Structure formats: C-alpha cells, structure tokens
Amino acid sequence: MEAFDLYRFYHNGDDETAALRGVSLRLRAGELVALMGPSGSGKSTLLACLAGLDEPDGGHVEVMGLRMSRRPEAARAALRARHVGILMQSGNLFEHLTVEVNMRLQMSLSGHSTQRTIDHLLDVTGLSRQRHAHPSQLSGGEAARAGLAVALSSNPRVLLADEPTAEVDGVTEAGILNHLMERCRTGMAVLIATHSKVLASRADHLLSIRDGDIIHA
Ligand code: ADP
C-alpha cells in the first residue's frame with residue numbers, strides 16, 4: 001500500500017483544520033509499522049484515507065498497485081473488501097449481529113473462506129466467551145478486539161488498525177502482537193496507530209505524525 005502526498009482539510013464555518021498536510025508513506029508486504037502521535041495529530045484521518053473510507057482532498061492512495069482514491073464508492077469498497085482489513089475507533093461491528101456472525105459476514109464479503117480461523121481469532125483476541133455476544137454487550141476494549149477479529153477474518157493483505165490493544169491486559173496484548181507478527185511472516189502488511197510502547201518496540205518501523213505531517217527522525 002502506498003500513499004502519495006495526502007492532504008485532508010476539515011471545514012467548520014470559517015475554521016479550517018489541515019488534518020493531513022502532504023503525507024506520503026509506503027507499507028511493504030510483511031512489515032509491521034507503528035504510527036504514533038498525540039491525539040489530534042491526524043492518525044484516524046490517515047487510516048480512513050488509506051482504507052478509502054474517506055477521500056483525501058489532495059494526493060492519492062494505491063492498494064496492491066491499484067488506485068483507491070477518487071474512484072466510485074463501489075470500486076473502493078470492492079478493493080477494500082478484497083485486500084484491506086480495517087479497525088477504526090468505532091463503527092466496526094454491525095450492532096444486530098453477534099461477534100461470530102460479524103466475522104462470518106466479513107469473510108463472505110471478501111470472498112475468502114477461512115472458516116478454521118474463527119476459533120483461532122476468538123482465542124487470540126481473548127473473546128472465546130463473547131462469541132455469541134452482541135456489540136452492545138461488549139466493553140470498549142472487547143469491542144475493539146472484536147473489530148480486530150473481524151478485520152483479520154478476511155485474511156487481508158493489509159491491516160490498518162487504530163488502537164487495537166487499548167484497554168487490554170499485557171498477556172492478551174502480547175498474544176495479539178504475536179499473532180500479527182505471524183501474519184506478517186506470511187506477507188500481511190500492518191499499520192497500527194497506537195500509544196502502546198510494547199507494540200511500538202516490536203514494530204519494524206515507527207512513523208511519527210504531528211499536526212498532519214510525518215516527522216522523519
Ligand atoms: P488522531 O486520530 O490523531 O486523534 P484525527 O485524525 O482524529 O487525529 O484528527 C486530526 C485533526 O482533524 C484534529 O485537529 C481533529 O480535531 C480534526 N478533525 C478530525 N475529524 C474531523 C471532522 N469530522 N470535522 C472537523 N475536524 C475534524
């Protein structure tokens with residue numbers, strides 16, 4: 001996945017916020033990259049643009065060599081379903097479906113049938129007992145992990161995740177991290193927005209973002 005000179009502005013009356021100011025990055029197969037920056041620095045906006053859930057005002061995104069930006073919503077959705085797993089801060093689960101059915105739905109949308117991974121992913125994310133729970137019955141941290149399980153169930157080539165290990169204990173975080181690293185070894189590229197020092201210390205690269213701009217150390 002590659003981003004070329006992304007700009008994103010938000011307007012509120014006369015106020016303009018430059019949430020992204022010329023962000024370029026490349027995420028290679030097999031790489032785990034941690035995106036770190038203070039609240040409001042543009043992490044969520046960047047992930048949304050990379051996933052094609054949001055459109056940049058300038059620049060573009062390519063997924064597996066195919067342009068994602070400024071294509072019809074149906075084309076973006078198809079590209080996303082086939083190649084990208086995404087965990088945003090909220091809105092990752094269908095409220096009327098259980099955790100397991102959310103995972104099955106994601107699998108069928110992506111065209112991948114990886115039935116055997118459901119039990120494994122529920123185990124890795126510490127949600128075996130919540131398999132039949134509805135999203136409203138989950139805590140914030142459980143909902144984030146369920147969103148991660150959904151994102152991974154389609155076996156994506158690229159995983160984009162906003163704080164997947166917020167509110168989890170150290171053992172579960174380590175388990176999730178090990179699983180992500182295993183997936184990386186099979187070629188998945190991972191970009192994680194996180195404040196977790198543990199996660200950052202295991203990443204192949206760190207990207208720092210400040211005021212909508214990647215800081216190169
Ligand atoms: P982070 O994920 O790092 O906390 P965000 O991408 O959410 O940062 O936000 C980047 C900047 O854009 C912040 O200044 C935020 O207030 C602003 N912003 C984000 N979403 C909107 C929106 N929908 N409307 C107006 N401003 C927004």
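This is a predicted model: local features need pLDDT of at least 70, side-chain atom pairs count only at pLDDT 80 or more; totals for chains, interfaces and linings use all residues.
Helices (H or I, at least four residues) and strands (E, at least two) are DSSP runs, numbered from the N terminus.

I listed the buried set next: V99, E100, N102, M103, Q106, M107 and S110. Buried means under 20% relative accessible area, exposed over 50%, partly exposed in between (1.4 Å probe, protein chains only). These residues cover an arc of only 160° around the axis, so they sit on the same side of α3. I took the arc from the directions from the helix axis to the C-beta atoms. S108 and L109, on the other side of α3, are exposed.

The 12 residues of α3 (residues 99-110) should span 16 Å at 1.5 Å a residue, and the end C-alpha atoms are 17 Å apart, which agrees. The expected span is 1.5 Å times one less than the number of residues. G111 follows α3 and has a positive phi, near 80°.

**Cores.** I looked for nonpolar cores: sets of buried Ala, Val, Leu, Ile, Met, Phe, Trp, Tyr and Cys residues joined through side-chain atoms within 4.5 Å. The largest has 32 residues, and L32, M103, L152, L159, L180 and V190 have the most contacts inside it. α5 gives the most to this core, with 6 residues. A second, separate core of 30 residues includes L6, V63, V158 and I209.

**Strands.** I turned to β6 (residues 84-87). Both faces are covered: V84 and I86 on one side, G85 and L87 on the other, all buried. 4 bridges join β6 to β7 (residues 158-162), and the two run parallel. G85 stands opposite L159 in β7.

The open sheet has 4 strands in the order β2-β1-β4-β5, with antiparallel pairing. Two strands pair if DSSP finds at least two bridges between them. β2 (15-26) and β5 (66-67) stand at the edges with a single partner strand each, so one side of each has no neighbour in the sheet. 2 bridges join β4 (residues 58-63) to β5, and E62 stands opposite R67.

I number residues from 1 along each chain as its sequence is written, and side-chain values use heavy atoms, with hydrogens and water left out. Local features need pLDDT of at least 70, and side-chain atom pairs count only at pLDDT 80 or more, while totals for chains, interfaces and linings use all residues.
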